[in-house]
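Here is a friendly note to read with the model open beside you. Take the points in order and find each residue as you go.

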Amino acid sequence: MRESGAGYLLLALGITSALLLTVDINSRLLDPVRSTLSSVVSPIYVVAETPYSLSRGLGQTFAARETLQAENEQLRRRVLELSQVSAQFVTMRDENARLRELLGSRRRLGSEVLVAELIGVIPTPNTLQVEIDKGSQDGAYVGQAVIDAEGIFGQVVEVGAYTSRVMLIADVAHAVPVEVNRNQFRSIAAGTGAFDALELEYVPITTDIVTGDVLVSSGLGGRFPRGYPVAVVTSVRVDPTLPYAQVRAKPLAALDRSRHVLLVFEIDDVSGDVEETQAEDAAADDSASTGETP
Amino acid sequence: MNPFNGGWVIIATLIVAMVLAVFHLPETLPQWLGWLRPSWIVLVVFYWVMALPQRFGMISAWVTGLLVDVLHADPLGVNGFCLAALTFVTWSFYERLRMYSIAQQAGVVLLMVLGVELIRMTVQAVARDGGFTWAVVLPALTSTLIWPLVAAALASVRRHVQVE
């Protein structure tokens, strides 16, 4: 082996890497390559997760009888509560649909969910992304909304055959279009890189927004379904020297604790198609803004 | 007796390094502890290139890097380039590096991991809105501290399986 030959090889690999990088950063052309590679490496996540899945499994197997009974009882009560709420919800949904018909607007879209389990956490400290155990075989697609029991969790950014990668809403590269539940003020909740904080962008200092306001997804941008809770405002700081108020919010979804998340499939349970409804929604709200960066 | 001259051992150690690279601490611990993770893959690649330069070349390093890109959700090509460059440098000086004491090797590891992490951070800053942070020094320091253990472990593996 000679120095010079190795040097040329390094140069060639460097140029190839630079080309790959440029293409991968600026376009989605390499997505098929990524998803093939991610199918190859996904078992590594499963192996790395085994200590946790084993300990959970053992915990379940050897749980005391009393604990299980208590848990069972608690779950039974919860089911009862929730089924009562859901019965009310069905009535209200129908009523809402009727009222919307009266107003001449379309019905809201329905949605179906698929339960997915976390199988890994992307190790880079400043990226908040996780691997889940559902991939294109289960119908997952890039841009799909992911929620947990409390609120919006993130969106799918890469799909392999059996696994996919989800970017959490608190990732620095992520943003969700939201509205204040109380008065429909629209904004964009951008991630900060910390699990417990989102930042509202471009909030004029005169806006009516206070600590404790619940932010729900506005459905603008077409990625996230409308009306899911996203975060609760934790602080509003008005500095007269700055053009915008600094509003911070805490995500409602348990970003650092949820083991099970739900993939949302929007279905049209009545009539009309998805594109049209979204276009209409966007047209109705004049300052439509797309906040997500995939 | 020893199929592929023990090449599978190199692959196996790389897989172990990848598992360690994605293994995460319980969620109850603070997030910043993630910065203390040594660059396992860099350490393993460095060892094999130094010990068996004829077995582990730049192209193998580059392909390993592609897998690491997907594993770390980095833009494709970053880790490939880093590992190939690391292989090149190590390969150029492997005779001298082998003569070094373990502490001197650890010093080389510090520089290499720092270089790799800086390149990764720069690319991430360009690709997504990540910023620069001094925390990038931490993986280099922990890698340096853990190098004697990694080197000893890999050397004993190599002796037992007789990888040549």
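**Notes on the interface and the salt bridges**

1. Start with what is absent: between chain A and chain B the count of salt bridges is zero. A salt bridge here is a side-chain nitrogen of Lys or Arg within 4 Å of a carboxyl oxygen of Asp or Glu. By class, the side of chain A that touches chain B has 29 nonpolar, 10 polar and 10 charged residues. Nonpolar covers Ala, Val, Leu, Ile, Met, Phe, Trp, Tyr, Cys and Pro; charged covers Asp, Glu, Lys and Arg; the others, Gly among them, are polar.

2. A word on the source: this is a predicted model, where local features need pLDDT of at least 70, side-chain atom pairs count only at pLDDT 80 or more, and totals for chains, interfaces and linings use all residues. Residues are numbered from 1 along each chain as its sequence is written, chains are lettered from A in the order in which they are written, and side-chain values use heavy atoms, with hydrogens and water left out.

3. How many residues meet across the two chains? In chain A, 49 residues are in contact with 43 residues of chain B, contact being heavy atoms within 4.5 Å. The two chains bury about 4,000 Å² between them, 71% of it on carbon and sulfur atoms. Buried area is the accessible area (1.4 Å probe) that two parts lose on being put together, summed over both.

4. Over all chains, the structure holds 15 salt bridges. One of them joins the side chains of A:Asp31 and A:Arg28 at 3.0 Å, N to O. A:Asp31 is partly exposed at 23% relative accessibility, and A:Arg28 is partly exposed too, at 39%. The cut-offs are under 20% relative accessible area for buried, over 50% for exposed, and partly exposed in between (1.4 Å probe, protein chains only).

5. Now look at A:Glu179 and A:Arg226, whose side chains meet in a salt bridge at 3.6 Å, N to O. This pair links distant parts of the chain, 47 residues apart: A:Glu179 lies in strand 6 (residues 175-180) and A:Arg226 in the loop between strand 9 (214-217) and strand 10 (229-237) of chain A. Strands are DSSP runs (E, at least two residues), numbered from the N terminus. Is A:Glu179 buried or exposed? At 8% relative accessibility A:Glu179 counts as buried, whereas A:Arg226, at 31%, counts as partly exposed.

How values were computed: Helix = DSSP H or I, 4+ residues; strand = E, 2+ residues; numbered from the N terminus.
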